[in-house]
Amino acid sequence: MAWLACAAPAHAMHIAEGILPLPWAVGWFAVAVPFVALGVRRLNALGREDLSIKPLIGLMAAVVFIISCMPIPVPTAGTCSHPCGTGIAAILVGPLLSILISAVALLIQALFLAHGGLSTLGADIVSMGVVGSFAGWFAFRGMRAMGAGLGLAGFAAGLATDWATYLTTSVELASGIRGDAPFLPLVGRIVLAFVPTQLPLGLLEGAMTAGMVLLLYRKRPDLLVRMKVISQQEGVVHA
Amino acid sequence: MPDRKRRLKIFLLHLVLLPTLLYTFYFFTLGPKPWTGVDEAVVEKIAGEHGREASPPLINTDQGDLLLFVFLLAGAVGGFVAGYSWRKLVSEKRRDS
């Protein structure tokens with residue numbers, strides 16, 4: 001119900017229609033398409049072997065869609081932006097499915113919510129879907145391999161997802177609009193402009209991701225075992 | 001846990017939580033300007049300085065309160081899907097056990 005009350009036009013990081021020159025827009029599509037295709041293949045494979053994870057995929061799709069168009073005000077900056085949600089999706093259903101989910105969410109937002117553009121959809125999929133999902137997934141797996149608990153690893157994943165997404169957006173924007181201006185100083189300027197908003201929002205996304213992982217661990221440890229998020233032993237201990 | 005100790009813990013929790021919440025709400029009112037999105041404040045601003053302007057979306061819902069309505073609809077559908085999926089996930093667990 002709280003989500004319903006949150007409905008408000010979002011102002012956020014997706015690159016709007018017409019901002020990127022056509023060759024760059026096409027280039028980012030070319031980068032995004034293979035990952036989306038791999039996501040479709042992974043969905044088909046999962047559907048063939050285990051239908052019981054369908055509600056989990058549905059939940060993640062809704063979470064990514066809602067989170068990525070939910071504006072959150074940042075008082076210190078006087079601006080608002082949104083978390084990505086692809087970190088939690090990558091942890092629970094894998095980075096390839098997370099990319100597919102974010103591509104669908106971004107397409108709906110670009111078509112009906114004036115949120116991101118159709119021509120810039122490829123760039124938005126690369127930043128939020130591809131980089132966000134893999135950054136979150138690697139951070140989670142890396143932290144777990146180093147012996148971190150689920151909560152801490154989830155927090156690191158959310159943080160990495162958010163900051164990596166905005167860093168990629170900065171690179172995409174700078175490479176597309178720079179003209180004759182030097183590339184690195186422009187990237188630095190855009191990153192610095194994002195910092196007051198995204199620094200606290202990254203921490204918030206980390207906390208949200210940790211909370212969601214821990215909640216699912218409490219409610220459905222068997223699902224986390226099946227998705228290889230935790231080991232069989234950890235699942236048995238909890239149950 | 002003895003009842004008195006439990007009540008003291010709840011009291012202390014409220015003593016910390018309530019002022020924190022109140023201060024958070026107050027803090028939000030101190031924002032230097034209306035909540036401009038980073039798309040406007042950063043992306044479109046810097047793109048504009050380099051001669052790239054955002055063009056209107058293909059389906060322009062940014063007219064009057066239409067965009068607000070579309071967001072409400074999207075929030076309702078998304079909230080329903082999330083709630084339904086969560087319920088299925090949790091009820092499956094109950095069925096299994």
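**Cores, salt bridges and the A–B interface**

Skipping neighbours within four places in sequence, Met60(A) touches Ile88(A), Ala89(A), Leu92(A), Val93(A) and Ile101(A), where contact means heavy atoms within 4.5 Å. All of this comes from a predicted model, in which local features need pLDDT of at least 70 and side-chain atom pairs count only at pLDDT 80 or more, while totals for chains, interfaces and linings use all residues. Residues are numbered from 1 along each chain as its sequence is written, chains are lettered from A and ligands numbered from 1 in the order in which they are written, and side-chain values use heavy atoms, with hydrogens and water left out.

Met60(A) also turns up in the largest nonpolar core, which has 72 residues. Such a core is a set of buried Ala, Val, Leu, Ile, Met, Phe, Trp, Tyr and Cys residues joined through side-chain atoms within 4.5 Å; buried means under 20% relative accessible area, exposed over 50% and partly exposed in between, with a 1.4 Å probe and protein chains only. Along with Leu56(A), Leu92(A), Ile125(A), Ile190(A) and Val229(A), Met60(A) is among the residues with the most contacts inside this core. Helix H3 of chain A (residues 54-67) supplies the largest share of the core, at 10 residues; helices (H or I, at least four residues) and strands (E, at least two) are DSSP runs, numbered from the N terminus. There is a second, separate core of 5 residues, including Met70(A), Ile72(A), Val74(A) and Ala77(A).

Next up is Thr120(A), which sits in the loop between helix H5 (95-112) and helix H6 (121-145) of chain A. Thr120(A) is buried, since its relative accessible area is 0%. Apart from neighbours within four places in sequence, Thr120(A) is in contact with Ile15(A), Ala16(A), Glu17(A) and Leu20(A). Leu59(A), by contrast, lies 61 residues from Thr120(A) in sequence and 26 Å from it in space, C-alpha to C-alpha.

As for charges, a search of the whole structure turns up 6 salt bridges over all chains, a salt bridge being a side-chain nitrogen of Lys or Arg within 4 Å of a carboxyl oxygen of Asp or Glu. In chain A, Asp222(A) pairs with Arg220(A) at 2.8 Å between the closest N and O atoms, and with Arg226(A) at 3.7 Å. Asp222(A) and Arg226(A) are 4 residues apart in helix H9 (residues 221-226), so about one helical turn separates them. Arg220(A) is buried at 1% relative accessible area, whereas Asp222(A) is partly exposed at 26% and Arg226(A) is partly exposed at 34%.

Another bridge links Glu49(B) and Arg189(A), with N to O at 2.7 Å. This pair joins two chains, because Glu49(B) lies in helix H2 of chain B (residues 38-49) and Arg189(A) in helix H8 of chain A (residues 183-219). Both ends are partly exposed: Glu49(B) at 45% relative accessibility and Arg189(A) at 37%.

That brings in the interface itself, where chain B contributes 48 residues to the contact and chain A contributes 56. About 4,500 Å² is buried between the two chains, 73% of it on carbon and sulfur atoms; buried area is the accessible area (1.4 Å probe) that two parts lose on being put together, summed over both. On the chain B side, Val38(B), Phe71(B) and Leu89(B) lose the most area to chain A, together 15% of what that side buries. The rule finds 1 salt bridge across the interface, plus 10 residue pairs in polar contact, both at pLDDT 80 or more. Helix H1 (3-28), strand E1 (36-37), H2 and helix H3 (66-96) of chain B each bring at least two residues to the side touching chain A, with H3(B) giving the most, at 19 residues.

Definitions and conventions: Polar contact = N/O pair within 3.5 Å; in protein donor to acceptor, adjacent residues only side chain to side chain.
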